[in-house]
Amino acid sequence: MAQHDDGVATPGGDPVPEAQNTAAGSAIQKAVPYEVSPGTAVVRTDNIPNPGFPPHRERQTDLDPKKDKRAERQVTSLFYLSIVGSVFAVAAYIAFPIIPGDMGSVRLNTLLLGLGITLGLLGIGIGAVHWAKQLMRGDELVESRHGTRGSDTTRARAVEIFTLGNQESGFGRRSLIRNSLIGALVLTPIPAVALFRDLAPAEDPVPLLQHTMWKKGTRLTRDPSGTPIKAEDVTIGSAFHVIPEGLNDEEDRLEEKAKAAVLLMRLKPEDLNVSAGKETWNYDGIVAYSKICTHVGCPVALYEQQTHHLLCPCHQSQFDMKHEAKVIFGPAKRPLPQLPITVDSEGYLVARSDFHEPVGPSFWEREL
Ligand code: FES
């Protein structure tokens, strides 16, 4: 389409003189098939011709003034109905308020409000469709538009205005002001950076997660009762949810439990594949592992007795208890940390030490 800012596009690409354009009443013209001269638009010559809309068919309302009038009244009534619905919704909201604790008032308020709003929206929607179908004409119209590129005169004028603005403000000439302004703008976001930095944990999370309530001699107790567990209570195939002794007396016991929760189970000692240096970490086939999944920290709670697999229900990571809780499936990236255990003089299971690595999601210490 021809590009001009002083006339509309035309079949030949020439601007329509102002007088002629105005005589048309507006820039909206009846659609006529014509060729468009190239401008910024891509004009394809092999397009399937646009069939356009079928010609307007005369309706009952076009032929009979009485029916036209009746359709007009119907549309008006629908719009009035919408007004009534909206007013009703507001009135019902005020007249039938929600009374705390009274479910009946909630239901009544919601019902009446919903009815009012539905009436309000349906009235407008149906009225508008009815209006368009019965009373508006269906001729296809095309609105011609000016090209987007300004004329050379306009562009030259714009440059002139910018130059004048530069001269008047002294932005180009007063380099000291300009540079100090740029510096101020660059430094303005710095306080925001400092504020956002403060959203990070105050302490390094690695040591926080590395140290739990477990220490040498802490008894393993049942969760949640806190009853100590004897080695002889743990039969092959059984699994215990375990917390450290004394956890229930802690003030921040939920925080501590989130790090110290452990799963305890017994396998045949010959089924365990123990790496060098960890030979004493299990007691006669009884092993204890952190219950906090190394993916994103859900409690790993499903133990499959036959395969000795632990399953995390959140994203289905699976850990193989026969191979030191190695990940065999799922998004977790490292084994569950093992808690070294033994028994005390009374036969109760106790920790040999704290965990030797951070518990929970592995992103804190990815390089470790
Ligand atoms: S939290 Fe366990 S698999 Fe995602």
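**Strand 5 and its sheet**

I started with V242 and found that V242 stands opposite V262 in strand 5. This is a predicted model, so I kept in mind that local features need pLDDT of at least 70, side-chain atom pairs count only at pLDDT 80 or more, and totals for chains, interfaces and linings use all residues. Residues are numbered from 1 along each chain as its sequence is written.

My strands (E, at least two residues) and helices (H or I, at least four) are DSSP runs, numbered from the N terminus. I call two strands paired if DSSP finds at least two bridges between them.

Next I checked the partners. Strand 4 (residues 239–244) pairs with strand 5 in the antiparallel sense over four bridges. Strand 6 (residues 286–290) also pairs with strand 5 in the antiparallel sense, over five bridges. There, V262 stands opposite S290, and M265 has V287 as its bridge partner.

Then I looked up burial (buried: 20 or more other C-beta atoms within 10 Å of a residue's own; exposed: 12 or fewer; partly exposed: in between; C-beta atoms placed from the backbone). Five of the five residues of strand 5 (residues 262–266) are buried, so strand 5 is largely enclosed by the rest of the structure. V262, L264 and R266 cover one side, and L263 and M265 the other.

Last, I noted the open sheet of five strands, in the order 3-4-5-6-11 with antiparallel pairing.
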